[in-house]
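The tour goes from the whole chain down to single side chains.

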Amino acid sequence: MNIVLCGFMGAGKTVVGKELAKIMGRKFVDTDEMIEEETGISIPAIFAARGEEYFRELEYEMCKKTANLKNVVVSTGGGAMTFERNVEAIKKGSKVVFLDASFDVICDRVGDASSRPLFKNKENAKKLYDERREKYLAAADYIINGNISARKTALNIADLFK
C-alpha cells in the first residue's frame, strides 16, 4: 500500500514525505521530480515552453506510474490531486493523506515567493488555496494537521499505517 501526500504548495509534502519514508523504511518518490527526470526539463520550463495542459498530461502519466509502485511514499504536485483522473489513477493501491496546513502557515513557509510564481499575487494564491482545499478534502482518505513540524506530521502519518 502506497502512501500519497497531497496538499497546497508549501504544505510540506516533500519534507514530510522524505521524513515519513525514513521512519517507515520506504522509498520516497515525488511526481514532479519524476516528470523532470523523464523529460530532462524543469517544471517551470515545461510550463513556459509547452503550457499547463501539456504538463497536466505528463502529471497524469506519472500518477498512473506511481499506482504500479509498491509500498512507497509519494509526494504529488500541488495541483495533481485536484484532477479526478489523477485521483482515480493514484487510488489504485494507495491511500491519500491530505496535509492540511493553513494559508498563513503556507505563506510563512513559502516566504518571498520568488520560486513560487503562483504566490506573486497573494489574493490569487488564497483563492487557489480555497478552491484546491475542497478537492484535497474530497480526494483524501486521511486528513492530517499540516501546521506542525515535519517530523511530528510524519510520525502522526506513520501511526495511521501501523
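In what order do the elements of the protein chain run from the N terminus on? Color by secondary structure and trace the cartoon: the order is β-α-β-α-α-β-α-β-α-α-β-α. Keep in mind that this is a predicted model. The tally for the protein chain is seven helices and five strands.

Now zoom out to the C-alpha trace. Along its principal axes the trace spans about 40 × 35 × 25 Å. The radius of gyration is 15 Å, close to the 15 Å from the globule rule for 162 residues, so the protein chain is as compact as a globular protein of that length.

Switch to the surface. The accessible surface of the protein chain is about 8300 Å², and carbon and sulfur atoms hold 51% of that. Of the 162 residues, 47% count as buried.

Select the charged side chains. There are 26 positive and 24 negative charges, and their mean positions lie 4 Å apart.

Last stop: select Cys6 and Cys63. Are these two cysteines buried or exposed? Cys6 has 0% relative accessibility and so counts as buried. Cys63 is also at 0% and counts as buried. Look for disulfides: the structure holds zero. For Cys6, the nearest cysteine sulfur is that of Cys63, 11 Å away. Seen from Cys63, the nearest cysteine sulfur is that of Cys6. A disulfide here is a sulfur pair within 2.5 Å, so Cys6, with its nearest cysteine sulfur 11 Å away, is in none.

Conventions
Residues are numbered from 1 along each chain as its sequence is written. This is a predicted model: local features need pLDDT of at least 70, side-chain atom pairs count only at pLDDT 80 or more; totals for chains, interfaces and linings use all residues. Side-chain values use heavy atoms; hydrogens and water are left out. Helices (H or I, at least four residues) and strands (E, at least two) are DSSP runs, numbered from the N terminus. The radius of gyration is taken over C-alpha atoms; the globule rule is 2.2 Å times the number of residues to the power 0.38. Buried means under 20% relative accessible area, exposed over 50%, partly exposed in between (1.4 Å probe, protein chains only). Accessible areas come from the Shrake-Rupley method with a 1.4 Å probe; for residues, only the protein chains shown count as cover. Lys and Arg count as positive and Asp and Glu as negative; His and the chain ends are not counted. The place of a charge is taken as NZ of Lys, CZ of Arg, CG of Asp or CD of Glu.
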